[in-house]
Each structure stands twice: as structure tokens, then as C-alpha cells.
Amino acid sequence: MTLEERVRAAQRGDDEAFYALVSEDKERLYRIGYAYLKNETEVLEAIQEVTCRAYMKVRKLKEPKYFHTWLIRILIHYCIDEQKRKRKSAASAPRPGALRKRIAAGG
């Protein structure tokens, strides 16, 4: 079966075809995810989430020959969003000693 045939099968609802396609990229997905997230647990969660998102959207993929590129782009966008979320969370977290300074200042 060619790549396009496997993607078309996945688009028709063939779960085995879809997971076979994703399995072909699992090492590459892990390496790319780790380059962004630097944490094994977060990478594994990202791959799981991306697999679910791709499964839900595979019918919308217009060019089956770009399945692998499409899947990797979903992962990269997810990782970038996670990095932004972490930065935002870290920025809003109180800094060590900030509460003591506020108390000492009378506030």
C-alpha cells in the first residue's frame, strides 16, 4: 500500500491505517518534541495529544502525500503553544521573596 492509499484509508475511518502512519513517525515526533519541550513526560503527552488531534482532523487533509509533514507541523504548533503557556505561567507566578517584600513594605 502506498502512502496515499494508507492516508485515504485513514480518512475513510481505518484506525489501523492511521496508527500505522503515526507509528512511522514516532521516533521523529519524539526527537522534535524533545527539542522543544526538553522533558520526556511532556513530550509523551504532546505526542498523545497530537495523535488525537490528527485523528480528529485527518479527513480534512487535502494532500495525502504531505501526511508526515502535516503531523509534524501539528506537533510543532502544539509545542510552541506549550512553551508560551509555560512562560505565561512562570511570569504570573510570584517570585521568591516577593510576598516578604510586600509584607515588609506594609502592603
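## Aromatic ring pairs

Ring pairs join F18, Y19, Y55, F67 and W70 into a cluster. The model is a predicted one. A pair of aromatic rings is described by the distance of the centres and the angle of the planes. With ring centres required to lie within 6.5 Å, the count comes to six aromatic pairs.

One of these pairs is formed by F18 and F67, whose arrangement is edge-to-face, with 6.3 Å from centre to centre and 90 degrees between the planes. Because F18 belongs to helix α2 (residues 15-24) and F67 to helix α5 (residues 67-92), this contact ties together parts that are 49 residues apart in sequence. F18 is buried, and F67 is buried as well.

Another pair brings together Y19 and Y55. Their ring centres are 6.1 Å apart and their planes meet at 20 degrees, so this pair is stacked; planes under 30 degrees apart count as stacked. Y19 lies in helix α2 and Y55 in helix α4 (residues 40-57), and the pair therefore ties together parts that are 36 residues apart in sequence. Y19 is partly exposed, and Y55 likewise counts as partly exposed.

| Residue | Relative accessible area | Class |
|---|---|---|
| F18 | 0% | buried |
| F67 | 0% | buried |
| Y19 | 42% | partly exposed |
| Y55 | 31% | partly exposed |

In summary, the F18 and F67 pair is edge-to-face, whereas the Y19 and Y55 pair is stacked.

Notes: Residues are numbered from 1 along each chain as its sequence is written. This is a predicted model: local features need pLDDT of at least 70, side-chain atom pairs count only at pLDDT 80 or more; totals for chains, interfaces and linings use all residues. Side-chain values use heavy atoms; hydrogens and water are left out. Rings of Phe, Tyr and Trp (its six-membered ring) pair if their centres lie within 6.5 Å; planes under 30 degrees apart count as stacked, over 60 as edge-to-face and the rest as tilted. Helices (H or I, at least four residues) and strands (E, at least two) are DSSP runs, numbered from the N terminus. Buried means under 20% relative accessible area, exposed over 50%, partly exposed in between (1.4 Å probe, protein chains only).
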